[in-house]
Amino acid sequence: MSTHLKGIAASRGFAIAQAFILQNPDLKIENEKTGDPEKERFRLNRALQQAKQELVDIKNHAAGQLGEDKAEIFSAHLLVLQDPELIGAAKEKIDSEQRTAESAVHEVTETFVETLENLDNDYMKERAADIRDVSKRILAHLLGVQFTSPAAITEEAVVVARDLTPSDTAQLDRRYVKGFTTDIGGRTSHSAIMARSMEIPAVVGTGQATQEIETGMTVIIDGDAGQIIVDPSPEELAAYREKQEAFEARGHALKKLADEKTVSKDGKHVELAANIGSPEDLESVLANGAEGIGLYRTEFLYMGRDSLPDEEEQYEAYKIVLEKMSGQPVVIRTLDIGGDKELPYLQLPEELNPFLGVRAIRLCLEKKDMFRTQLRALLRAGVHGNLKIMFPMIATIDEFLQAKELLVEEKNGLQEKGVAVSDDIEVGMMVEIPAAAVMAPQFAKEVDFFSIGTNDLIQYTMAADRMNERVSYLYQPYSPAVLGLIRNVISAAHTEGKWVGMCGEMAGDETAIPILLGLGLDEFSMSASAILNARNRIKEMSAAECAQQTAEILKLRSSEEVAHYVKQQF
């Protein structure tokens, strides 16, 4: 008899294959003391070098499979290997306490991890996970233990794990890994985001997949319904094979839409754009028929290195994207560092809550020299295409005006030196703070456009960390409160003759699309893999009918009521 497990639908599609259980290695430490500190230091240095080489290989593999931005997590892991506090403390224990290398590494990392996990700060807890992941790799080399590596999968399989670390997901080979499921995690967890990037079905947060499933069992992953079926019946297998074939056939059919414009059934054109993190992402963007770039996350230029990128390096990166997009709009977001993204070389003071601290535009207005360098690179690159610049994390009108003033100063300075700059660069802002959404009528008089960043707007509106699975039920894109803020932003912009885009994950959400079309959103920006499905969805709808239905939707009381209404009507 089959077993049904319920989890969170993390990545669409259906997978049917035998289970591959990804187990943690046995890192039991037998000996804690040594009489030869010099030998232990040598062992530790060798293990560090082995771990470094592995991580470099994994990072390169991830960059080729998923793009440079997804691979940057391994830059953080490589920095852990060089952390003087962590590694220095381990070596100190070897020398002063006569510890074995594995004992010293284990004790020091456990202390670090425990300290970070006890902080009431989810960003620090994520850093704890990075340290734990890297320390396991070091210990495995010291103890001569082999990891059960996802790279070892050479036959079609469904991966089952308590959780998937960044290094695990980067090693998944799409030829063989047909899907995965985890005990923990949410829709915005690292493993879920990676699954969508790789376009493989995934269900996370099942709570008990590793307890109910054994290697070799036949497993069905229903990435649409968030369901796992273990040892399915012949009838269930047949039904899901039909679903799988229909899903794949639909995917092939959607490819025919790559060269079409995005026009609703009643003739309304909206722009479908892509979110990117580096020029390497453009291949998928162009293959999926994006009509522009709605978000170029420039912070990945700054990450995984020892110092700030100079003006010339930034100019070249922006220029490549603008030229390859051949005149289509490219919205480039200025540096958005802070929260879950940090630059160790800036040596910023630790904050109790970095998501509400000195991040994004706040940091740029503090470090104006760094900001001016980026603005000059953008202004110079603007002559190579259709550039639009937007500032992130704007909370007050004064912040936007300060940032724009710096941009004007740098433009004037370049022109005085005879440097060519574009005269028609639109300047806009991200709307991701509820205060900015409420003040949209005032902001709309100053900006050229808005781009709504729903990932942050939702979590700030609902006061629910999107990375915390215990409050994941409060991360509600369809909440009438969130929809009301989005309506306010779109209405304010259109009153002033300005356009509005959305670059958060909500833009590619099938349930949200008819609502956003009804609200009058002008540009939908999403991962490249979601574009064709969104285009097909919009082509099947009447924008006028969506507007009528949205008026009714905004009267509803809960996210559940909204989702149910959309399902019934569309």
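A: One begins with a definition: two strands pair if DSSP finds at least two bridges between them. The model shown here is predicted.

Q: Which residue of β7 is the bridge partner of A15?
A: The general idea is that strands of a sheet pair through backbone hydrogen bonds, either parallel or antiparallel. Here, A15 has I221 in β7 as its bridge partner. Strand β3 (residues 14-21) pairs with β7 in the antiparallel sense, over five bridges.

Q: Which residue of β8 is the bridge partner of I221?
A: In β8, that partner is I228. Strand β8 (residues 227-230) runs antiparallel to β7, and four bridges join them. The two strands form a hairpin with four residues between them. In the turn, G226 has a positive phi of about 70 degrees.

Q: How many residues of β7 are buried?
A: A residue counts as buried when its relative accessible area is under 20%. In strand β7 (residues 218-222), four of the five residues are buried, so the strand is mostly covered.

Q: What do the strands from β9 to β16 form, and is their pairing parallel or antiparallel?
A: They form a closed barrel of eight strands, in the order β9-β10-β11-β12-β13-β14-β15-β16, with parallel pairing. From one strand to the next, the twist averages 25 degrees. Helix α21 (residues 531-539) packs on this sheet and touches β9 (271-276) and β16 (523-526). The direction of α21 makes about 160 degrees with that of β9.

Q: How many bridges join β12 to β13?
A: Four bridges join strand β12 (residues 386-391) to strand β13 (residues 426-431), and the two run parallel. K388 stands opposite E426 in β13.

Conventions:
Residues numbered from 1 in each chain as written. Predicted model: local features only at pLDDT ≥ 70, side-chain atom pairs only at ≥ 80, totals over all residues. Heavy atoms only, no water. Axes fitted to C-alpha atoms, helices over the stretch in contact; angles between N-to-C directions. Contact = heavy atoms within 4.5 Å. Buried < 20%, exposed > 50% of the residue type's maximum accessible area, 1.4 Å probe, protein only.
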